[in-house]
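Dear colleague,

Please find the structure below.

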Amino acid sequence: MIKIHLAEILDEKHMSQAELARQTGIRPSTICCIYNGIAERLNINHIDRICECLICDITDLIEYVPNRQKKTISL
């Protein structure tokens, strides 16, 4: 499972989703989807702009948590 920590980072930095959208040029609806962890795809350019704006590393923003049940087939 992939966990997105945008909500926590914005809270720590006392920044709103709207402010992040303004500073990065990313549509507010896209920021909202990432913030709420419902984005099905993440644009690398968007991740780059978010990390640059928030002065964070990609590993601060995105975390891989192993699934309890495997979703892939073992070969």
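D11 is exposed, with a relative accessible area of 59%. In this account a residue is buried under 20% relative accessible area, exposed over 50% and partly exposed in between, with a 1.4 Å probe and protein chains only; the areas come from the Shrake-Rupley method, and for residues only the protein chains shown count as cover.

The model is a predicted one: local features need pLDDT of at least 70, side-chain atom pairs count only at pLDDT 80 or more, and totals for chains, interfaces and linings use all residues. Residues are numbered from 1 along each chain as its sequence is written, and side-chain values use heavy atoms, with hydrogens and water left out.

**Negative patch.** D11 lies in helix α1. Together with E8, E12, D57 and D60, D11 forms a patch of negative charge on the surface. Helix α1, residues 6-12, is the largest contributor, with three residues. Helices (H or I, at least four residues) and strands (E, at least two) are DSSP runs, numbered from the N terminus. A patch takes residues with over 30% relative accessible area and no salt bridge, joining like charges within 9 Å and nonpolar side chains (Val, Leu, Ile, Met, Phe, Trp, Tyr) within 5 Å. Asp and Glu count as negative, Lys and Arg as positive, while His and the chain ends are not counted. Each charge is placed at NZ of Lys, CZ of Arg, CG of Asp or CD of Glu.

**Salt bridge.** Side chains of opposite charge can pair when their charged atoms come close. A salt bridge here is a side-chain nitrogen of Lys or Arg within 4 Å of a carboxyl oxygen of Asp or Glu, and the count by this rule is one. R22 and E19 form it, at 2.8 Å from N to O. The two residues stand three apart in helix α2, so about one helical turn separates them. R22 is exposed at 60% relative accessible area, whereas E19 is partly exposed at 26%.

**Helix α4.** In helix α4 (residues 44-54), the buried residues are H46, I47, I50, C51, C53 and L54. They lie on the same side of α4 because they cover an arc of only 165° around the axis, the arc being that of the directions from the helix axis to the C-beta atoms. I44 and E52 are exposed on the other side of α4.

**Positive phi.** H14, in the loop between α1 and α2 (17-24), is a residue other than glycine with a positive phi, near 55°. I55, in the loop between α4 and α5 (58-61), is not a glycine either, yet has a positive phi of about 50°.

Yours sincerely

Terms used
Areas by Shrake-Rupley, 256 points an atom, 1.4 Å probe, with all protein chains shown as cover.
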